[in-house]
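Work through the exercises below with the sequence and the structure side by side.

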Amino acid sequence: MTGFLRWCRNTISETARMVRADAALYLFVLAYTVAGLFLLQLTDTEDSATYWVYVRRWAILFILFFPMVAIIIDAARVVHRLNARRGLAMRRAFSPARMATLASGVALLMVMVLFQGTFTSLKNAMTYWRDGFQYDRIQADIDRLLHFGVDPWRLLYSFGEHDVIRTMVEWNYNVLWFVLCFGLLFFVATSPRAAAIRGRYITCFMLTWIVCGNVFATLFLSAGPAFYGEVTGDAARFAEQLAFLARGAESPNSAVAYQAYLWSLHESGATSFGSGISAFPSVHVALVAMNAFFIAEYSRRLGIAAFAYVAFIIASSVYLAWHYAIDGYVSIAIVAVIHVLVKRYARTGMADRRRHISAPEPSAHPETEAAATAS
C-alpha cells in the first residue's frame, strides 16, 4: 500500500511539473481564443461562436478512445516480453513518468478543444467578413491552366470513375485521415518517445490550422467545386462530377451528403460540428503534409511514403469535389514555411539556452579576479 501511495504522489507531482512545462502552449491556446472572441465581438459576428459541440466528441476521443488504445498497447508489450524482463517492462510502461506524460498530454489536448472551437467560430464568420465567396471562378481557372487546359477532376475521372474507387476514397478521406492526423497528435502529446519534437509539433499543428484555415482562407475565400454552381451561377462546370458523387449519397462516408449538410448550415446561418465553408487552401492536405515533414525527419523511407499519401489526399480532395488542386499545392508550400521557421526558432532557442548554461557567472569581486589573472 505504501508503494502504491508513493507511486500516486510521484505521478501527481510529475504530472504537475509537465503541465507547468506546457505553459507556453496553454498561453498560445488562450491567446488565440481571446483574440478570436474579440474579433467576433468587434465584427458583430458573435453568433458564429461554436464551442460546446466539440466538448463531448473531444472528450470521447482524447479521454476515452486514444488513452484506452495507448494503455492496451503498453499492456500488450508487457505481456509479450520474456518472463525475466516482464517486471521491468511493467515498471517502465506504468511508471510515474509514463503516466504523467499521458495525463499531462491529455490535459493539454482537452484544453485544445478551445482552439478547435475558436477555429470553427472564425471559419463560420468568414463569409460575413468577405460578403460571400469571391474567388472560386479564378481559382478554378488557374487549376485548368495548370492542368493542360482541363479541369483536373476530369483527368482523375478518366480512369477513376467507378463506385468502388469512390467508396475507398471517401473512407480514406473521412475516416483514415482523421485517425492518422488526430492519432499522431495524441501520440506526440502523450508519448515519451516523441518528447524531442512535442512542443514543435503541437506549435506547427496549431499554426497550420490558423495560417491555412483562418488567415489565407479569409483572404482568398472560396467554396470549392462542390458549391461552385451555387456561388458562381455556373452549375454546368462540375455537374457531371457531382452527379457521379451523388450516386453514393446513401453510403456511410458520402462526400456529397456531408457537402449538403454544410450547405444547409450555410444557407440557414446555423453553426454546428465542422460548420463553415472554405476551400483555399486545404487544411485536409496541410495536416498530412505537416505530418510528412516530421516523419521525413525520422526516416527517409517513411517520409517518401508519407508524401505519397499527401499526393493521394490532394487527388482525393479533387476527386470528391472538396477542393481545387491548387488548394493542396498552396497548403504544402505554407506548411513547409511553417515547418522551417518553427524548427529554426526551436534551434535558436535551444542554442541560446545552451550558451546561457555554459556562460561563466560574473565574479562578485572583479578586481580580485583581474589581479589573479595578471599574476
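**Exercise 1.** Determine how many salt bridges the structure holds, and state which parts of the chain are joined by those of Glu-297.

*Solution.* Begin with the criterion, which asks for a side-chain nitrogen of Lys or Arg within 4 Å of a carboxyl oxygen of Asp or Glu; by this rule the count comes to 11 salt bridges. The model is a predicted one, in which local features need pLDDT of at least 70 and side-chain atom pairs count only at pLDDT 80 or more, whereas totals for chains, interfaces and linings use all residues. Residues are numbered from 1 along each chain as its sequence is written, and side-chain values use heavy atoms, with hydrogens and water left out.

Next, take Arg-200, whose side chain meets that of Glu-297 in a salt bridge at 2.9 Å, N to O. Because Arg-200 lies in helix α9 and Glu-297 in helix α13, this pair ties together parts that are 97 residues apart in sequence; helices here are DSSP runs (H or I, at least four residues), numbered from the N terminus.

Then turn to Lys-343, which also forms a salt bridge with Glu-297, the closest N and O atoms being 3.3 Å apart. This second pair links distant parts of the chain, with Lys-343 in helix α15 and Glu-297 in helix α13, 46 residues apart.

Finally, compare the accessibilities, where buried means under 20% relative accessible area, exposed over 50%, and partly exposed in between (1.4 Å probe, protein chains only). Arg-200 is buried at 14%, while Glu-297 is partly exposed at 34% and Lys-343 is partly exposed at 23%.

**Exercise 2.** Describe the salt bridge between Arg-17 and Glu-14, and say how far apart the two residues are in helix α1.

*Solution.* The side chains of Arg-17 and Glu-14 meet at 2.6 Å, N to O. Both residues belong to helix α1 (residues 2-21), where they are 3 residues apart and thus separated by about one helical turn. In general, an α-helix has 3.6 residues a turn, so residues three or four places apart point the same way.

**Exercise 3.** Classify the aromatic pair of Trp-58 and Phe-62, and then that of Phe-227 and Trp-263.

*Solution.* Rings of Phe, Tyr and Trp (its six-membered ring) pair if their centres lie within 6.5 Å; planes under 30 degrees apart count as stacked, over 60 as edge-to-face and the rest as tilted. The structure holds 29 aromatic pairs. For Trp-58 and Phe-62, the centres are 5.1 Å apart and the planes 65° apart, which makes the pair edge-to-face. Both residues lie in helix α3 (residues 52-79), 4 residues apart, about one turn of the helix, and both are buried.

For Phe-227 and Trp-263, the values are 5.3 Å centre to centre and 20° between the planes, a stacked pair. This pair links distant parts of the chain, since Phe-227 is in the loop between α9 (198-219) and α10 (228-232), and Trp-263 in helix α12 (residues 255-268), 36 residues apart. Phe-227 is buried with a relative accessible area of 5%, and Trp-263 is buried with 13%.

**Exercise 4.** Decide which residues of helix α7 are buried and which are exposed.

*Solution.* The buried residues of helix α7 (residues 152-160) are Pro-152, Trp-153, Leu-156, Tyr-157 and Gly-160. They cover an arc of only 130° around the axis, which puts them on the same side of α7, the arc being that of the directions from the helix axis to the C-beta atoms. On the other side of α7, Ser-158 and Phe-159 are exposed.

**Exercise 5.** Examine the backbone at Asp-44, Ala-321 and Pro-281.

*Solution.* As background, most residues other than glycine have a negative phi, and most peptide bonds are trans. Asp-44, although not a glycine, has a positive phi of about 55°; Asp-44 lies in the loop between α2 (23-42) and α3 and is exposed, with a relative accessible area of 64%. Ala-321, likewise not a glycine, has a positive phi of about 65°; Ala-321 is found in the loop between α14 (300-319) and α15 (325-358) and is buried, with a relative accessible area of 0%. Lastly, the peptide bond from Phe-280 to Pro-281 is cis, with omega near -15°, and Pro-281 is found in the loop between α12 and α13 (283-298).
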